[in-house]
Amino acid sequence: MKTIALLPLMLCLSLISSTTEPMRIDFGNEKDGRDWRTLLDGVMGGLSQGRMARNSNSLSFNGSVSLANNGGFSSLRSPFGAVDLSAYQTLVIRARGEGQSFAVVLESDRRWYAPYFKKSFRPTDDWQTFEIPLAEFDLYQVGRKIGSVPTEEALAATIRIGIVTNDKKEGPFSLEVDFIEFRQ
């Protein structure tokens, strides 16, 4: 009898101890993202532009997308490093912007042509908080959708997070990001 009475308590303790704290990249208050860099389509011959600046409460990303020379994107990328996202279910990003839609990119390979997961969002000029289930990310390779739904293994193998212009249309853009957070 005593063993049966302990089972609910053990189950509750197990659930409490398995709760994962959110992982937050706070470009505002915490000033994370010092090592983030722009990555432009010039790596493949394109002529798009992009500039990043750290503000007192956010990270700004401005530029212009060009389709010349097979271009079409401008992006921000974190440094390479293991980022196990397998314990999380939702990505939250607080941002505002205009001129383009953007996408969050999750990479698991250093090669530019390797598959990656991506999910788009369209900010307005007012601050918005986007909650995006990781299950809604799709698998892309060189800009083409080739699959969907990241597995737990794929999320565990993440080595870089990025934000990229997503419309593949010419013109100026601006994006300001307060934070990115991964939640259970």
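Which residue in β11 is the bridge partner of Leu139?

Some ground rules come before the solutions. This is a predicted model, in which local features need pLDDT of at least 70, side-chain atom pairs count only at pLDDT 80 or more, and totals for chains, interfaces and linings use all residues. Residues are numbered from 1 along each chain as its sequence is written, and side-chain values use heavy atoms, with hydrogens and water left out.

**Exercise 1. Find the partner of Leu139 in β11.**

Step 1: strands are DSSP runs (E, at least two residues), numbered from the N terminus. Step 2: β10 covers residues 138-141 and is joined to β11 by four bridges, running antiparallel; two strands pair if DSSP finds at least two bridges between them. Step 3: the partner of Leu139 is Gly147.

**Exercise 2. Describe the surroundings of β12 and say how many of its residues are buried.**

Step 1: β5 (residues 74-77) is joined to β12 by three bridges, and Arg77 stands opposite Gly162. Step 2: six bridges join β7 (residues 102-107) to β12, where Ala103 faces Val164 as its opposite residue. Step 3: six of the six residues of β12 (160-165) are buried, buried being under 20% relative accessible area with a 1.4 Å probe, protein chains only. Step 4: Arg160, Gly162 and Val164 lie on one side, with Ile161, Ile163 and Thr165 on the other.

**Exercise 3. Classify the ring pairs Phe27 with Trp36 and Phe61 with Phe173.**

Step 1: rings of Phe, Tyr and Trp (its six-membered ring) pair if their centres lie within 6.5 Å; planes under 30 degrees apart count as stacked, over 60 as edge-to-face and the rest as tilted. Step 2: the search of the whole structure finds eight aromatic pairs. Phe27 and Trp36, at 5.2 Å centre to centre and 90 degrees between the planes, are edge-to-face. Step 3: Phe61 and Phe173, at 5.0 Å and 55 degrees, are tilted. Phe61 lies in β4 (residues 59-65) and Phe173 in β13 (residues 171-183), so this pair ties together parts 112 residues apart in sequence.

Note on methods:
Buried < 20%, exposed > 50% of the residue type's maximum accessible area, 1.4 Å probe, protein only.
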